[in-house]
There are 2 protein chains.
Amino acid sequence: MSPRSSSKENTKAVLIETGINIMMEKGFNNTGLSDVLSACGVPKGSFYYYFQSKEDFGLQIINSFDEEYAEQLDKVLGNRQLTAVDRLKKYIDDAIVNAEQRKCSRGCLIANLSQEMADQNEIFRTRLKEVIERRRSTFALVIQEAKDKEEICTDIDPREAAEFFLSAFEGAIMRSKVRKDTEPLLSFRKLIFSVVLQTRSR
Amino acid sequence: MSPRSSSKENTKAVLIETGINIMMEKGFNNTGLSDVLSACGVPKGSFYYYFQSKEDFGLQIINSFDEEYAEQLDKVLGNRQLTAVDRLKKYIDDAIVNAEQRKCSRGCLIANLSQEMADQNEIFRTRLKEVIERRRSTFALVIQEAKDKEEICTDIDPREAAEFFLSAFEGAIMRSKVRKDTEPLLSFRKLIFSVVLQTRSR
C-alpha cells in the first residue's frame, strides 16, 4: 500500500506505523514529527487532525504497538498445540530469529521507551507500567500452567518467575543491541530454561 | 565546591559531572549543551576548549563514568574480607539501597545510553560494548572464584552466568524505573542467588 494513495481512514494507521518504525530506532525525543511526516508523505495538518500533540502521538503509538504485540503474543503463548514450556521456548526462539534478521538492531519499543521516558513523562510511565504489568501477568499464567502440569521441576512463584524472566529477557535484548550479536539472548535462553525454570523436556 | 570558583583544571570535571547527572535523566539526544552550561555556569567557549563536539563530550562522559564505576565496583567485588558470593550480594544490596534512595529514577547511565545510542552512533556503540564486556569479565571472575571455592553448587559456566546475571540485573533496573518500586530488583536478587547461582550461604 502506498501511503499517499491510502484513504483517510488509513492515514492514521500509516502515521502510527511510520512512527513505530522511526521511534524504535531513534526514541521519542529524537524523533521529529517532520521525519515521520516526510517518511509517509502526510501533511502536518492531517497529523493534527488525528493527534493532539507529539505526546498524544507517542501514547497512541504505545497503545497500537501493545495491541499488535499482545495479539502476536497470544498466538504463541495461547497455542494449546504446544506444552506451556514449549510455548515459552517458541516465544524466545522467535525473538532470537527476529533479532538475527534485524542484526540485533531496534530492540523492543516498550523497553526502549521505558528506558527513555520513565523519568521524563509521568503519563508515558503510567501507560508503560500498565503494559509491562499485563505482559508479566500473561507470562505468569503460562509459568503457572507449566508448574501445574509438572513441566517444570522447581517450586518457583509464577509471578516472581515471570518478573525475573522478563527482566532477564529485556536486559538480554539490550545487551544484544550493544554487542550486535545474539550471545546475550542465547545465554538467556539456555539458563532461563535449564536452571531457572528447570524444564523437564529437551 | 562552587563550579564558578573552580580552577580551570576543575572546569572539565565539573562539565563532565554535570553532563553525567543531566544525561542520566534525559539521555544523550535530549540533553542540550545549554542545559549543561547553565547548570554549571560555564561559558560555551570553555566547553569547546575541553570538548571537540557534543559527541566527544558524550564519549568522555562514558569514559569518566566508567572509570568511577569501575573503582566503586572494585571496592565491592575486590573486597577479600567477604566471600565471593557475599561480594556479589553486597553489590546487589547496595544497588537496591541506591534505587530506593533515588526513588527508582535514573537507572544506569551505561544501560540508558546503550538503549538509546546503540543503533544511532557506531562510535558510542563500540565504546559501550567495551564497557559492558569488561564488566562482564569482572563478574565472571568473581563467579569463577565462587565456583572454585564451592560457594555455589551449580556447574554453571562463569562467563555465561555473568552475561545472564548482568542482563537480568539491567532489565530489573529498567523495570524498577518504570514501576517506581524495587520489586523487579528484589525478584532478581532472590532468584539469581537461590536458583541461578544456587549459593550455599544465607
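Author: What follows starts with the chain, moves to the helix H4 of chain A, and ends with the contact between the chains.

The model is predicted. Chain A is built from nine helices and has zero strands, so that its elements, read from the N terminus, run α-α-α-α-α-α-α-α-α. Along the principal axes, the C-alpha atoms of chain A fill a box of roughly 60 × 35 × 30 Å. Chain A has 202 residues, of which 42% count as buried. Among its contacts between residues at least 6 apart in sequence, 65% join residues at least 24 apart.The domain assignment divides chain A into domain 1 (1-51) and domain 2 (55-196). The centres of domain 1 and domain 2 of chain A, taken over C-alpha atoms, are separated by 27 Å. Their contact takes 10 residues from domain 1 and 13 residues from domain 2. On the side of domain 1 that touches domain 2, six residues are nonpolar, three are polar and one is charged.

Helix H4 of chain A covers residues 54-77. Its 24 residues should span 34 Å at 1.5 Å a residue, and the end C-alpha atoms are 33 Å apart, which agrees. The buried residues of H4(A) are A:Phe57, A:Gly58, A:Ile61, A:Ile62, A:Phe65, A:Asp66 and A:Leu77. An α-helix has 3.6 residues a turn, so residues three or four places apart point the same way.

H4(A) packs with helix H7 (residues 122-148) of chain A at an angle of about 5°, and the two axes are 11 Å apart. Angles under 35 degrees count as roughly parallel, and H4(A) and H7(A) are therefore roughly parallel to each other. From H4(A), the contact takes A:Gly58, A:Leu59, A:Ile62, A:Asp66, A:Leu73 and A:Leu77. These meet A:Ile123, A:Phe124, A:Arg127, A:Leu128, A:Val131, A:Thr138 and A:Val142 in H7(A). The residues of this contact between H4(A) and H7(A) divide into nine nonpolar, two polar and two charged.

Beyond chain A itself, 44 of its residues are in contact with 44 residues of chain B. On the chain B side, helices H1 (8-26), H6 (109-117), H7 (122-148), H8 (158-179) and H9 (183-196) each supply at least two residues. H8(B) gives the most to that side, with 14 residues. The residues of chain B that touch chain A divide into 16 nonpolar, 13 polar and 15 charged.

Definitions and conventions
Residues are numbered from 1 along each chain as its sequence is written. Chains are lettered from A and ligands numbered from 1 in the order in which they are written. This is a predicted model: local features need pLDDT of at least 70, side-chain atom pairs count only at pLDDT 80 or more; totals for chains, interfaces and linings use all residues. Helices (H or I, at least four residues) and strands (E, at least two) are DSSP runs, numbered from the N terminus. The expected span of a helix is 1.5 Å times one less than its number of residues. A residue is buried if 20 or more other C-beta atoms lie within 10 Å of its own, exposed if 12 or fewer, and partly exposed in between; C-beta atoms are placed from the backbone. Two residues are in contact if their C-beta atoms, placed from the backbone, lie within 7 Å. Ala, Val, Leu, Ile, Met, Phe, Trp, Tyr, Cys and Pro count as nonpolar, Asp, Glu, Lys and Arg as charged, and the others, Gly among them, as polar. Domain bounds come from an automatic or database domain assignment. Axes are lines fitted to C-alpha atoms, for helices over the stretch in contact, and angles run from 0 to 180 degrees between N-to-C directions. Angles under 35 degrees count as roughly parallel, over 145 as roughly antiparallel, 65 to 115 as roughly perpendicular and the rest as oblique.
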